[in-house]
Structures are given as structure tokens and as C-alpha cells.
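This report examines salt bridges in a predicted model. The sequence and structure are shown first.

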Amino acid sequence: MKFKNIFKNKSNMTTENTEFDQELDDATIETNANGEQLIVEELSVEEQLAQDLAKEKDKFLRLFAEFENYKKRTSKERLELFKTANQEVLLAMLPVLDDFDRAAVEINKSDDENLKKGVELIHDKFKNTLVSKGLEQVEIQAGDAFNADIAEAITQIPAPSDKLKGKIVDVIEKGYKLGDKIIRFPKVVVGN
């Protein structure tokens, strides 16, 4: 129902009312939830289509941006997964590498050169295979300042000298990392 029809039923219309009717020609009356009548402008078909297009374009751009973020996140997760996929296998092989290191020290005390050479070849091949899979040794040695972020202190002893206070006195077990992540912290003795 048009608002102007309500006013046209009055017999004494003034010029003011006629102007008001003219303004309301492009408007309709709607009743809101409270029963109040509101005047809402009717949009032309082109304006309505333009608004709908703008809403759909905005919706599309948001969806596209969300999809791009999803692609970036999943590719980053996939890269991390490939980098650390071998982590469990490498962790299981570390005690074997430690045993090889200890064996190499003991075999070097022997006079048998062929035995030394054979064990050294196997040790190097095993270590190079692990390195090719991304394993790196955490470089830490006696005399370095102790950093709890990269080493695990298993005990503290009185420092043999004043310059070793708060520093690493001995490395008990080597530490290793895979990429940027430390998978086994080096175990050290710290002087106090």
C-alpha cells in the first residue's frame, strides 16, 4: 500500500501535502516488529543488482583470501612434515651412532690398521647417511658457556678453575638436531 494513497483520501489537501506525496512516490511503507510504520526507499532494479553484485564480489574476495591462506598454511605444514618425517627413525639410530663413536675410540688403541680402517669406513658411511637425511650434530664443547636452550645439564661439579664456573666442563652425550629442531639435547656437566 502506498503512503500517498492514505493522504489522497483527505479532501482538503494543501500544497505542502502534495509535495510530501511527491516525495513519498518513490517510497513505500513497511511495518517493523514494533508495529511502527517506516518509510523505506525502493531501489531501482539497476541499483539493487549493483548492490547484490558488490555483496557477491566481497564474498568472493573473502573466500579467495581464505583459500590462499589455507594453501599457504598447508604447504608450510607439508614442508615441516617432510623435514621431520625421519625424526623417529633418526632418534632410534642415534644410540647406534654413539656405540660406533665409542667403538672407534677403542679400536684406535689397537695396532691392527685394517681393523681401524674397516670400522672407520663403516662409521663414516653410517654417519654420512644420517647427515644426508638432515641430521646435524649440535656443536658444543668443554669451555663453552652453558645455555639451557641447547644443552641439558645432568650434573654440576666444582669448577676445576675459575674460568669454567657456569661453563661446560665435559660433554657426556652428543646432541643432534634435524633442521632447526633439536631432537636430542647434548648432556653436559657444568662447573659451579
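## A salt bridge within one helix

Asp58 and Arg62 form a salt bridge in which the closest N and O atoms lie 3.1 Å apart. Both residues belong to helix 3 (residues 45–84), and because they are four residues apart there, about one helical turn separates them.

The two partners can also be described by their accessibility. Asp58 is partly exposed, its relative accessible area being 37%, while Arg62 is exposed, with a value of 58%.

## A buried pair between helix and strand

Asp98 forms a salt bridge with Arg184, and their closest N and O atoms are 2.8 Å apart. This pair connects distant parts of the chain: Asp98 lies in helix 4 (residues 87–107) and Arg184 in strand 7 (residues 181–184), 86 residues apart. Asp98 and Arg184 are both buried.

## A pair between two strands

A further salt bridge joins the side chains of Glu173 and Lys187, at 3.2 Å from N to O. Here too, distant parts of the chain are linked, with Glu173 in strand 5 (residues 168–173) and Lys187 in strand 8 (residues 187–191), 14 residues apart. Glu173 is partly exposed at a relative accessible area of 23%, and Lys187 is likewise classed as partly exposed, at 25% relative accessibility.

## Network and overall count

Through salt bridges that share partners, Asp98, Glu152, Glu173, Arg184 and Lys187 are joined into one network. Across the whole structure, the search finds eleven salt bridges.

Terms used:
Residues are numbered from 1 along each chain as its sequence is written. This is a predicted model: local features need pLDDT of at least 70, side-chain atom pairs count only at pLDDT 80 or more; totals for chains, interfaces and linings use all residues. Side-chain values use heavy atoms; hydrogens and water are left out. A salt bridge is a side-chain nitrogen of Lys or Arg within 4 Å of a carboxyl oxygen of Asp or Glu. Buried means under 20% relative accessible area, exposed over 50%, partly exposed in between (1.4 Å probe, protein chains only).
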